[in-house]
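Hello,

Here is the structure I promised to pass on to you. Please open it and keep it beside this note while you read.

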Amino acid sequence: MSDPSGSDGVDSGQNRAGPMLDISDLAVSFGDQSVVSGVDCSVERGTLVGLVGPNGAGKTTVLRAVKGTLDPDAGTVCVDGDPIRDKSAKAVSRLVASTPQGTALSFDFSVKQTVEMGRTPHLGRFDRMDETDRRAVERAMERASVAQFADRPFTSLSGGERQRVLLARALAQETPVLLLDEPTANLDINHAVRTLELVRTLVDDGKTAVAAIHDLNLAARYCDELVLLAGGGVRAAGRPVDVLTSDTLRDAFDAETLVTTQPGTDAPLVTPLAQQETVDRRVHVVGTGRPAAAAVSTLVGAGCQVTVGVVPAGDAAAERAADLDCEAVTVPAFAGIDDAARERAIDLAAAADAVVRAGETGAGNSAVIDAASALLNAAAGDRTDSTGRHDAVPLDTLPAAVASLSPTAERGGTPAPTQSPTD
Ligand SMILES: Nc1ncnc2c1ncn2[C@@H]1O[C@H](COP(=O)(O)OP(=O)(O)OP(=O)(O)O)[C@@H](O)[C@H]1O
């Protein structure tokens with residue numbers, strides 16, 4: 001006999017005040033090796049918190065402490081106001097369901113039997129599943145899109161399919177708190193997005209979820225808040241836009257990144273930059289659209305001081321320049337280039353060590369492109385041909401190409417040859 005609670009069989013745990021999950025001063029070590037210490041994290045009801053951080057930072061360890069399968073050295077984990085250490089494993093399992101990081105199970109149950117295990121915390125020792133349990137299992141399999149595999153052996157499924165079955169098992173548990181350890185690790189982009197959309201829907205319906213997620217962009221898009229673990233503790237916590245900054249990511253991951261904004265959202269977009277020598281050059285980019293924006297990002301990431309223009313206001317290159325604090329000479333979209341804009345752009349190009357042309361020549365931009373070609377010719381003098389066309393330089397070799405140019409000052413103020421990355 002099951003013990004259903006809530007209208008959908010789900011206890012959303014919204015009957016008490018305070019955070020649904022409260023981790024206070026958590027410390028865990030293995031032997032004499034401290035993994036995390038001083039971890040504080042408060043998760044409000046009906047929110048999705050992403051645990052992010054480098055390999056080995058302790059994300060899985062924290063999740064294990066929260067579900068009570070690991071005894072912390074210090075600190076308290078409270079679920080719905082009560083410390084879990086005061087509860088039996090079965091009682092905790094009625095509050096917290098989890099999906100493991102790996103998908104290796106040593107037994108060979110069918111998919112349906114695997115999902116049915118999620119009902120165990122609701123059954124007495126000699127109880128059999130009743131109609132409520134069966135409905136919970138069916139609903140969970142449908143939500144995780146695994147109903148079509150119901151009779152297949154779990155071990156016959158692919159890694160991604162197994163991952164969805166384990167999510168279904170956790171959903172069948174119908175707990176107010178869901179802990180997900182790398183829920184999208186083996187999933188293709190379609191299933192990764194569908195899985196996080198499903199988690200988002202569950203959270204919007206009242207569940208509280210914490211997910212360890214390596215993909216920072218998916219984490220930023222779907223989580224209300226992020227907790228960045230690194231160096232044995234919480235390095236940053238809060239809204240994705242406040243946590244995922246280049247400085248914080250450099251500090252936590254020892255990696256250079258470019259942080260912009262995901263199209264159509266306010267969520268940050270993290271682009272890792274290749275490790276390379278810093279290219280100390282001034283570069284003026286002429287062109288429009290995503291190719292020019294990509295050239296700007298690449299050059300800024302390589303350490304160049306970049307200026308842009310003339311570009312239409314609102315163009316991707318103008319917005320990227322604004323994101324990265326680069327000067328851009330802009331004119332209103334579809335307007336001609338006025339003298340002041342042209343002169344400023346020519347000044348910037350003339351002061352640069354290199355002028356890079358990259359961009360679309362689509363309808364509506366022709367005035368800008370015409371002027372850009374003239375600008376190129378003006379800036380590069382007899383080093384460009386009369387048509388303003390140049391050999392393409394692939395984006396990933398652009399910094400090296402720019403680095404190979406001698407600085408303008410060394411050439412007595414003469415502008416460098418132009419470069420043109422491929423689109
Ligand atoms: N049972 C254990 N015994 C000894 N060390 C352990 C044990 N479990 C984890 N560790 C160590 O604790 C550290 C944190 O591991 P954890 O799995 O929590 O990191 P993580 O952030 O989840 O990493 P990843 O992103 O690679 O999954 C690692 O250095 C790991 O080797």
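Below is what turned up in it, beginning with the ligand.

This is a predicted model, where local features need pLDDT of at least 70, side-chain atom pairs count only at pLDDT 80 or more, and totals for chains, interfaces and linings use all residues. Residues are numbered from 1 along each chain as its sequence is written.

Around the ligand you will find Phe30, Val35, Gly53, Asn55, Gly56, Ala57, Gly58, Lys59, Thr60, Thr61 and Ala212. Helices (H or I, at least four residues) and strands (E, at least two) are DSSP runs, numbered from the N terminus.

Next, the sheet. Its 6 strands are in the order β6-β7-β8-β3-β9-β10, forming an open sheet with mixed pairing; two strands pair if DSSP finds at least two bridges between them. At the edges are β6 (96–99) and β10 (233–238), each pairing on one side only. Strands β3 (residues 48–52) and β8 (residues 208–212) run parallel and are joined by 4 bridges. Val49 has Val210 in β8 as its bridge partner.

Lastly, helices α10 (residues 289–301) and α11 (residues 316–323) pack at about 25°, their axes 7 Å apart. Axes are lines fitted to C-alpha atoms, for helices over the stretch in contact, and angles run from 0 to 180 degrees between N-to-C directions. The two helices, α10 and α11, are therefore roughly parallel (angles under 35 degrees).

Happy exploring!

Methods:
Near = placed C-beta within 6 Å. Parallel < 35°, antiparallel > 145°, perpendicular 65-115°, else oblique.
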